[in-house]
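This briefing is for a reader who is new to the structure shown below.

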Amino acid sequence: MAISRYVLLVFTIAMLASTAISDPILTKVNRHVENPGPLIMSEVLLAFPELQSKNLAYLTASSHETKGKPKGSVVSLPIKAVNLDDRPSAATFYSVLLPKEVAAGESFTLDVLAVFTHALRPVPEQITQADIQLVLYRDSVYYLSPYEVKVQSLSVKLPDSKIESYTKLESTKVHGSEIKYGPYENLPPFSLSPITFHFESNLPFAVAQELVREIEISHWGNVQVTEHYKLIHGGAKSKGEFSRRDFQARPNDRGASAFSFLVAHLPARARSVYYRDLIGNISTSHLRVDSRKSELVIEPRYPMLGGWKTAFTIGYGLPLQDFLYESEENRFLNMTFGSPMIELVIDTLIVKVVLPEGSSGISAAAPFPIKQWQETKISHLDIGGRPVVVLEKTNVVPEHNQYFQVYYKFSGLSMLREPLMLISGFLFVFAACIGYMHADTSISKSSASYLAKQQWEEVQVLIQKVQNVINRCLAMHDNLEASLRDLSRTGDVQACKAARKSADGLLKELSKEMKPLLTSLQAYSSAAQILPKVEELVAKERELQEKVMLKHSTAVEGYERKSGARDIDHRVALLQQKITALKQEVDDLLQFIDDI
Amino acid sequence: MAAPETSTAAVPTLYTNNTLRNAFGGVLSFFILLLIGVMAFSIRLFSVIKYESVIHEFDPYFNYRVTQFLAKNGIYEFWNWFDDRTWYPLGRVIGGTVYPGLTLTAGTIWWLLNSLNIPLSVETVCVFTAPIFSAFASWATFLLTKEVKGTGAGLTAAALLAMVPSYISRSVAGSYDNEAVAIFALIFTFYLYIKTLNTGSLFYATLNSIAYFYMVCSWGGYTFIINLIPMHVLLCIVTGRFSSRLYIAYAPLVVLGTLLAALVPVVGFNAVMTSEHFASFLVFIILHVVAFVYYIKGILSPKMFKVAVTLVVSVGLAVCCAVIAVLIALVASSPTKGWSGRSLSLLDPTYASKYIPIIASVSEHQPPTWPSYFMDINVLAFLVPAGIIACFSPLSDSSSFVVLYIATSVYFSGVMVRLMLVFAPAACITSGIALSQSFDVFTRSIKFQLPGISSNTEVDAAETSSATAEAQNDAVKTEKSEETSKNRPSKKSKKKEKEEKPSTKAKAEKRLLALPLDSSVISLLLLILLGAFYVVHCVWAAAEAYSAPSIVLTSRSHDGLHVFDDFREAYGWLRHNTDVDDKVASWWDYGYQTTAMANRTVIVDNNTWNNTHIATVGTAMSSPEKAAWEIFHSLDVKYVLVVFGGLVGYPSDDINKFLWMVRIGGGVFPHIKEPDYLRDGQYRIDSQATPTMLNCLMYKLSYYRFVETDGKGFDRVRQTEIGKKHFKLTHFEEVFTTHHWMVRIYKLKPPKNRIRGKTKKSKSKTSSTSSRGKRSGSGKKNPWQ
């Protein structure tokens, strides 16, 4: 599938072959270099005509030994662009540094892979939904070379055998979708002879006009990748009606050049994958996960016809330990550069690596030339912002999916900064609350209302104490009652008496406690309202206390005299009534005071 | 559940320490309130969990767009914002015609979060504004009900409000509409009014005006406040409950409130000019007269007072007559008697359907049906009468307010479905009072009936269970508030002596009122059952009925969940594949969504301020193709968007709304006549339909090439075969149709070149030579070609 998309143009120049592909296009050149001259040669010049050079996205050269294993030792060679003054300016030159110098008479085989984008031009430029997309490719039948060429042949591989037209030369052979030219012998330097191919191609021309990949590193264990795509169908523009009915009923010949899904190969263990755009989640996606890779199939909201655009965002989290490595005190992130979407040509790719706040000594390394600079981004709870390494590259093809590295220094303690900040923030809020509750915020400390309020607070404290004492008294009463109940069950008079004794002692203490409280209450003028109630309460309580004592002693006496239970009950009954009534009154008073 | 345990553990040692128990009560009710807030927030998250975090419906999209603008451009730009992307070519002054409360609230939240470096998107903030404010609203309900009937009733009412379906329907996450914050503002304003009334504090009166200002900012429903409060004041005066507290509660509200309201651009001078506000000023005058009379009465001897009364009455009457005459003359000079259309349709429910079809066409302006009452307030409908009775025993200033509130809101909710939302808090408050009072009665009777407890009630009360302890605690408080409210009208000096007696008396009475044990236990169980039923219903309503965002539809079939995301598909297509300045015409329902999601200029939108403009679009939709093309072309329209549900059975599509387009269009352009579209008074699209109907643009755009889908053209919404099956479009071309055909977008064909002297021939020529020629060649199967 992937291969059939590409137009393969294979050049062979006297055992030197070349290939090309594209959006667009891929070229592969296989050259056999022989040094005829007296000089020792250490580099080879590659030339591309202007037509191609502006579309050139990717170029590698590799060598294998002429003798020996052809596949075993493939070494990619350093390439650099050169400007040569004495050469035609219509061509761009790249020089390949050979691994070893080639002496006169020796030979050397070089594989050159060049990828071009936007080299296929749709002709006609606008088609209706029913039409078939035709594209035009132009090249030279002779491989442009600054050297003399002994032998050259060219083979062009098209995606389909439906070829509208192609340049016919004397030595042209067509095998299905492959067209072969040559071999040609003894060509002078810079020989050119244009050829064109006009052929059917219903392959999706998915082009990302802009892709922003944001890779955010969190040392808490996550690498968050967010990719913003701006996608266009780069093929022939659709014109006229778009009929959904036709598209649904006959998708193969109505809108055949449209593509309705894309496949992204996410790294294994990608998690929380999402796919959305500006107006919300896009529900048409499928994620297939197995142990080696995650495959995300996404459908844009609508089928992409020629010239239609869309924009969306995909995002996923990755486990940190798979991508972040430590070397000495340096840490480095090792990730692929390009988009996980296969078969996507990217016009402008911006990769932003957001490092954790507090990182230093930042540098980035990529296997191909790249524009880079640094920014800061302020994210969750940052103070100074996080350093961002921005890498920009135009004309990116899947061949660029190589690993790049971002090196930085980061101390593990900085991780704790944000949690600590939160903790201290909350601490501060609570402390401020406590402080506010305890602080006196009134402006005038001598105003009457303020003093009255303060006094009232003191009175309340006192009343609280009074209530406390009363409650303890009531508790004592309950104790006595309980002891009486025990008595009626067990008949243990001694225990009952002991309880009485302790109760007596405690009650006395309590009444002692009560006295200073009452006197100090009297001192307050603002307590005047409540004082009678409190006094009444104390009086009632005392009465109740007496009655309880009386009841207790009567009951105990009764037991000592061994009188019948009925007799005791009879005697106590009257007291009990009074006690209940008093208790009720005390309760009511307590309630009342409480309400104030 | 930790709190009750510790309280039971603490009780034996400290015994019944009232203050401690109150403290526990306070902490307990604080935690209950916190949980109620959490519940109010989380019950509204069903939409996010089941669907996604997205803005719902129509109006919220506009609010979202305004908030985005505010967040991006700042407040001053916002006030001056002239939006040229709607109501083309008129435009709309957004800053001056929008209630800014919601947008400013969400904008402020967003700004606060962003300045704390918490980079949430505007959308996220907007989605969660409504749930947050519903938590606030339930707390405000607690405060209001607490002022009326004590903490217990407050907590119950807050819990009921937190999950009342009527309110949920407007405040699920994503439902970013004015009502979301307005209900909180409404309840809070009422609370502050009651608080002022109970305390007579100027501090609260000022706060009240500010709350009222916030309400005015948020929602047009503020007129309800400014009419209800004067009504209550009048009621108090008439029933002889005038006091200085009443004066403090009302006078500052009118003065400050009106001044503040006039600051909101959308209200402006309406705050003093329209009849909606008239009642408040009238009552303001009456209040002053009454206050003056009371003052005079206080300083004069009875004899002198009589003289003064005659004097004042004669002079005052003359002045009043003059003033009223002037006012009536002013009011009568305006055609609508100074009332806005929506307010008039509230007073006269038949008004809108007679005169303003555009108000009547909105489904939320229709009167509700009985089932919708059951759906929206459920068991509260049965509890409300009990709550009203509870408000009458004893009747205080505050409880009379609640009675008045529920009475008026019942009426309003009966006129418009939308105002059910105002009714819901009132229903929750009264039901909360009813529930807590009945719980109070039942638990108390159980407590007194249980053997061996009567001797020391309090210990056991605390020990029995947390529920009864709490109820009793509440009982104590309600009793207190009852007493205080009872005593309030009396003078302060008398207060002390009086207060003691009722408390003992009340206790004695309560004991006599105890119900039999078994019946109270059974009633308690039944009440709990009722409450459980309510909770189940609310959760169901929140999860199933009200959480659908309406831009994403789902249907459950045997092979799982099916998602219909056609609206966003169409808006997405418009956004990316049309020119930024293209104009899109559609019925006004989709205006807000088109501007917000597709970012394209629309002709009309949901802010139906210009009837003529809407009528123009309605006319175009109901005209034949050529006439429609001319109308649209004169409006610079490039694309026409129609919503069509016939393929998948989506009932609220344009064909079903079509009669309203005809009516609204016909209201302004008389050549559109409704009877032309009806066959014997019936609206139909099958073969019996009238030719006018079958030839109108809406029909054609909806059913263009529809017959090819199944060969018959069976409309699954109308359940018939369509009348006219095979036809071509001459002035429009289909440019996009979504996956389920729910949205169809057509492009206006460019005007044809005029060929002189060949007008007749040119028709056949153009159809074969134009771009469509190719299609007709390829589509030979099509029977009509």
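**Cysteines, charges and contacts**

B:Cys391 counts as buried, because its relative accessibility is 0%. The model is predicted. Over all chains there are zero disulfides and 46 salt bridges.

**Cysteines**

- A disulfide is a covalent bond between the sulfur atoms of two cysteines.
- The cysteine sulfur closest to that of B:Cys391 belongs to B:Cys428, and the distance of 14 Å is too far for a bond.
- A:Cys433 has a relative accessibility of 42% and therefore counts as partly exposed.

**Contact between chain A and chain B**

- Chain B gives 47 residues to the contact and chain A gives 45 residues.
- The size of an interface is often given as the accessible area lost when the parts come together.
- Between chain B and chain A, the buried area is about 4200 Å², and carbon and sulfur atoms give 45% of it.
- Five salt bridges are counted between chain B and chain A.
- B:Asp565 and A:Arg301 meet through their side chains in a salt bridge, at 3.2 Å from N to O.
- A salt bridge is also found between the side chains of A:Asp246 and B:Arg705, with an N to O distance of 3.1 Å.
- This pair joins two chains, because A:Asp246 lies in helix α3 (residues 244–249) of chain A, while B:Arg705 lies in the loop between α34 (697–703) and α35 (707–710) of chain B.
- Both A:Asp246 and B:Arg705 are buried.

**Salt bridges within chain A**

- Side chains of opposite charge can pair when their charged atoms come close.
- A:Glu357 and A:Arg417 form a salt bridge between their side chains, at 3.2 Å from N to O.
- The two residues are 60 residues apart and link distant parts of the chain: A:Glu357 is in the loop between β29 (345–354) and β30 (360–365), and A:Arg417 is in helix α4 (residues 417–438).
- A:Glu357 is buried, with a relative accessible area of 9%, whereas A:Arg417 counts as partly exposed at 37% relative accessibility.
- In the salt bridge of A:Asp478 with A:Lys583, the closest N and O atoms are 3.3 Å apart.
- A:Asp478 lies in helix α5 (residues 448–490) of chain A and A:Lys583 in helix α8 (residues 565–595) of chain A, so this pair ties together parts that are 105 residues apart in sequence.
- A:Asp478 counts as buried, because its relative accessibility of 18% is under 20%.
- A network of salt bridges links A:Glu214, A:Glu216, A:Lys377, A:Asp382, A:Arg386 and A:Glu418.

**Helix α6 of chain B**

- Helix α6 (residues 101–115) of chain B has 15 residues.
- From first C-alpha to last, α6(B) reaches 21 Å, close to the 21 Å expected at 1.5 Å a residue.
- Among the buried residues of α6(B) are B:Leu102, B:Ala106 and B:Trp110.
- The buried residues of α6(B) pack against α4 (59–79), α7 (122–149), α10 (178–199) and α11 (202–218) of chain B.

**A hairpin in chain A**

- Strands β15 (residues 172–175) and β16 (residues 178–187) of chain A pair in the antiparallel sense over four bridges.
- A:His175 stands opposite A:Glu178 in β16(A).
- Two residues lie between β15(A) and β16(A) in this hairpin, and A:Gly176 in the turn has a positive phi of about 60°.

Note on methods. Residues are numbered from 1 along each chain as its sequence is written. Chains are lettered from A and ligands numbered from 1 in the order in which they are written. This is a predicted model: local features need pLDDT of at least 70, side-chain atom pairs count only at pLDDT 80 or more; totals for chains, interfaces and linings use all residues. Side-chain values use heavy atoms; hydrogens and water are left out. The expected span of a helix is 1.5 Å times one less than its number of residues. Buried means under 20% relative accessible area, exposed over 50%, partly exposed in between (1.4 Å probe, protein chains only). Contact means heavy atoms within 4.5 Å. A disulfide is a pair of cysteine sulfur atoms within 2.5 Å. A salt bridge is a side-chain nitrogen of Lys or Arg within 4 Å of a carboxyl oxygen of Asp or Glu. Two strands pair if DSSP finds at least two bridges between them. Buried area is the accessible area (1.4 Å probe) that two parts lose on being put together, summed over both.
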